[in-house]
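Me: I would like to learn how to read side-chain packing in a model. Can we work through one case?

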Amino acid sequence: MRAGAISDVSKFEGRRVLITGAAGSVGAALCGRLASARGITLGLLDHADHALLRLADSLPDACVELLLGNVRDSRALTRSVSAFAPDIVIHAAALKHVHLGELHPGECVLTNLIGVRNALAAAHAAGAEDFLLVSSDKAAAPLCLMGACKRLAELYLCGFSAEHASAPRVAAVRFVNV
């Protein structure tokens, strides 16, 4: 999947698409955009239960499955992703505020780097065809911990693909001012 493929929702028709961080700002926007694809089943994964229910209510005509979970919990994530059996995983779960990442570096690493590792491993275990990482412009020349985590996550995708012949096709898209 090319990173620009999200602009053409027809590529998602009839597919099972899992979005991590679905109830967050980026994830919810992606869900809203993709919900118009015919025959799509959206797996909405987030750890924020109230926000997840609110998102599902905002997509009344879409076929959705709610997955309550955290990308930091590898075992539970793998079970949830395997049960959903996605064709495509869009990984939007992330801490996005630079100043909070600097104040809480462990949290930033756990979500923005370890979470990517866990989500990609779960996608691979579930037989997903494609994995798209929502990254950040701050990964281009990292000057902060968040940017460094995002850059390392992008590099991890490349390494994972090289080591696993049956790995999903991977891509990363860098959003500006996420």
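**Rings and cores**

Reply: The model is predicted. Start with Tyr156, which counts as partly exposed because its relative accessibility is 30%.

Me: Is Phe160 buried or exposed, and why?

Reply: Phe160 has 7% relative accessibility, so it counts as buried. The cut-off for buried is under 20%.

Me: Where do Tyr156 and Phe160 lie?

Reply: Both are in helix 6, residues 145-163. They are 4 residues apart, about one turn of the helix.

Me: What do the rings of Tyr156 and Phe160 form?

Reply: An aromatic pair is judged by the distance between ring centres and the angle between planes. Here the centres are 6.0 Å apart and the planes are at 45°, which makes the pair tilted. The count for the model is 1 aromatic pair.

Me: Which ring does the charged end of Arg16 sit over?

Reply: That of Phe84, at 4.1 Å from the ring centre.

Me: Which residues touch the most other members of the largest nonpolar core?

Reply: This core has 24 residues, and those with the most contacts to other members are Phe12, Val17, Ile19, Leu34, Leu44 and Ile90. Among the elements that give two or more residues to it are strand 1 (16-20), helix 2 (49-57) and strand 6 (169-175). Helix 1 provides the largest share, 4 residues. Another core, of 21 residues, lies apart from this one and includes Val81, Phe84, Ala119 and Leu157.

Me: What does Leu44 touch?

Reply: Leaving out residues up to four places away in sequence, the contacts of Leu44 include Ile19, Cys31, Leu52, Val64 and Leu67. Glu65 is also one of them.

Notes. Residues are numbered from 1 along each chain as its sequence is written. This is a predicted model: local features need pLDDT of at least 70, side-chain atom pairs count only at pLDDT 80 or more; totals for chains, interfaces and linings use all residues. Side-chain values use heavy atoms; hydrogens and water are left out. A nonpolar core is a set of buried Ala, Val, Leu, Ile, Met, Phe, Trp, Tyr and Cys residues joined through side-chain atoms within 4.5 Å. Buried means under 20% relative accessible area, exposed over 50%, partly exposed in between (1.4 Å probe, protein chains only). Contact means heavy atoms within 4.5 Å. Rings of Phe, Tyr and Trp (its six-membered ring) pair if their centres lie within 6.5 Å; planes under 30 degrees apart count as stacked, over 60 as edge-to-face and the rest as tilted. A charge sits over a ring if NZ of Lys or CZ of Arg is within 6 Å of the ring centre and within 35 degrees of the ring normal.
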